[in-house]
Amino acid sequence: MDLRGELRRAVQSLHAAPTRRRSTTSDLSIDEELLLHSIGWEPVELVAGVSLFSVPMGVWNWGQGEITSASSAFAGAFEAASHRLHRQCAKVGGHGVVGVAIDRVVDRHHVDVSLLGTAVRPVGAKRIDDAGVFVSDLSARDFTLLAAAGWSPLGLAAGGSFVNAPRRSIGATIQQSSQNVELTNFTEAMYTARESAMERMQSSAIRMGGSGVVAVSVTEGPMPFAGHAVGFTAWGTVVRLAGDAHRTLQPSMVLPLDDPVVAFEAAALRGS
Amino acid sequence: MCAARRSRWPGATRPPDGQPWTTYLAGQRLAKLIESGSMPVSVAAAVSSVRVWAYCVTEYLLNGSTSTWGGRPAVSEVTQVASARMAARQIAREHVRAQLGGDSLHGAQMIVSESEVGEGDQEVQCLLRGNRVRRFKEFDPIPAPRPTVRLR
């Protein structure tokens, strides 16, 4: 590689006006951009989708079973944010969004979801209909591997559930006092939340016509602002086979010879 | 005692107007960027700030109060705040786009912060920064990547 020559040519280009008519913006790294080009795709624009849904007062502390208001707020916020991202991608001429960073906040009175990613398209491709646009939280590397294996992403699926852990009876509280015992009310509440959330994510994937969900991320645990509520949220990219059959990638093995050298510590000479 | 000595890459070209180019990249990432056909021009950054003057219904919804105003259900989108957050991102993108002048923004980073002013009023700030790069040659055809498994 003649880096010096390339640099000279590159610096020369600063004297001239930019040649491209439409500029692009992207949050991809140089490696990711090269990977996309290797399969004939290019970044188009940085796109975002945001939504915020309200949660009514008092739902976190009283009641039994699922906190339906909070679960619906999560579902609504995720869907609205995803829809906006989808629409922005179609507007800028992208065929899909990759590397979507998902930020979600569950607060006492509202649920916020914000999505940020890079719209991409096959090099030089024309605008397509909204229905054909995909949204995915896969990195450009994962997207490239997925395409190489004959699969295509369809969209983001999410599921969330928030459940009240019932308070123990007075008898149970007295019996369990000063003992190291499992608080089954919390365990069962977590199981319920997990089952509902995963089921919702799977239903969403089925509605999109997908056959699987990859790169699933989950968050779980008690709500910091409500002592008797636990939550479980899950999201991932819905995929389906694009061709007739799955193509095996058959990776080759690489044995790097650059083992890290154990550093010499001068202080060790002094002894203890 | 040591003396500082200015060195110059032999044959290096002076940038236009004597303005040095700037980038967040260094080392192998910078080398890869140039090798792939893009030259860093400058660090580009833009900030947008959007103020939300909350309607009554926005304030009620953010406080968790059930409002009967406009027949809104208790679980509903706080559209005023959602629009402001979208606008902050969009304005920052437009501002940075205005600086590009036909170049591209690479490796962008978006940082959003929100502060509550009180009674539902909010200020949303969005910082967008990245490397402004100029293409000086088209992408060379790149062979399809070959997957490998690293043995350790």
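Which residues in α2(A) meet which residues in α4(A)? Keep that one in mind, and I'll come back to it in a minute. Before that, a quick reminder that what we're looking at is a predicted model.

Okay, chain B to begin with. Chain B has three helices and four strands. If you walk along from the N terminus, the elements go α-β-α-α-β-β-β. Chain B has 152 residues, and 32% of them count as buried. Now take the contacts in chain B between residues at least 6 apart in sequence: 68% of those join residues at least 24 apart.

Next, where the two chains touch. Chain A puts 59 residues into the contact, and chain B puts in 58. On the chain B side, the elements that each give at least two residues are α1 (27-35), β1 (38-52), α2 (56-62), α3 (79-100), β2 (104-118), β3 (121-135) and β4 (148-150). The largest share of that side is nine residues, and they come from α3(B). Sort the chain B side by class and you get 30 nonpolar, 15 polar and 13 charged residues.

There's strand pairing between the chains too. Strand β9 of chain A, residues 252-254, pairs with β4(B) in the parallel sense, over three bridges. If you want to find the spot on screen, look for Met253(A), whose bridge partner in β4(B) is Val149(B).

Now over to chain A, and a sheet. Four strands make an open sheet in the order β1-β4-β3-β5, with mixed pairing. β1 (41-54) and β5 (134-135) of chain A each have a single partner strand, so they stand at the edges and one side of each has no neighbour in the sheet. Strand β3 of chain A, residues 96-106, pairs with β5(A) in the parallel sense over two bridges. There, Gly96(A) has Phe134(A) as its bridge partner.

And what lies across this sheet's β1 and β4 (110-122) in chain A? That's α2(A), running at about 115° to β1(A).

Which brings us back to my opening question. Helix α2 of chain A (residues 30-38) packs against helix α4 of chain A (residues 140-148) at an angle of about 20°, and their axes are 9 Å apart. Angles under 35 degrees count as roughly parallel, so α2(A) and α4(A) are roughly parallel to each other. The crossing is left-handed. As for who meets whom: Glu32(A), Leu35(A), Leu36(A) and Ser38(A) from α2(A) meet Ala140(A), Arg141(A) and Thr144(A) from α4(A). By class, that contact has three nonpolar, two polar and two charged residues.

Key
Residues numbered from 1 in each chain as written. Chains lettered and ligands numbered in written order. Predicted model: local features only at pLDDT ≥ 70, side-chain atom pairs only at ≥ 80, totals over all residues. Contact = placed C-beta atoms within 7 Å. Nonpolar A, V, L, I, M, F, W, Y, C, P; charged D, E, K, R; others polar. Pairing = 2+ DSSP bridges. Axes fitted to C-alpha atoms, helices over the stretch in contact; angles between N-to-C directions. Parallel < 35°, antiparallel > 145°, perpendicular 65-115°, else oblique. Left-handed = near helix turned anticlockwise from the far one by under 90°. Buried ≥ 20, exposed ≤ 12 C-beta atoms within 10 Å, placed from the backbone.
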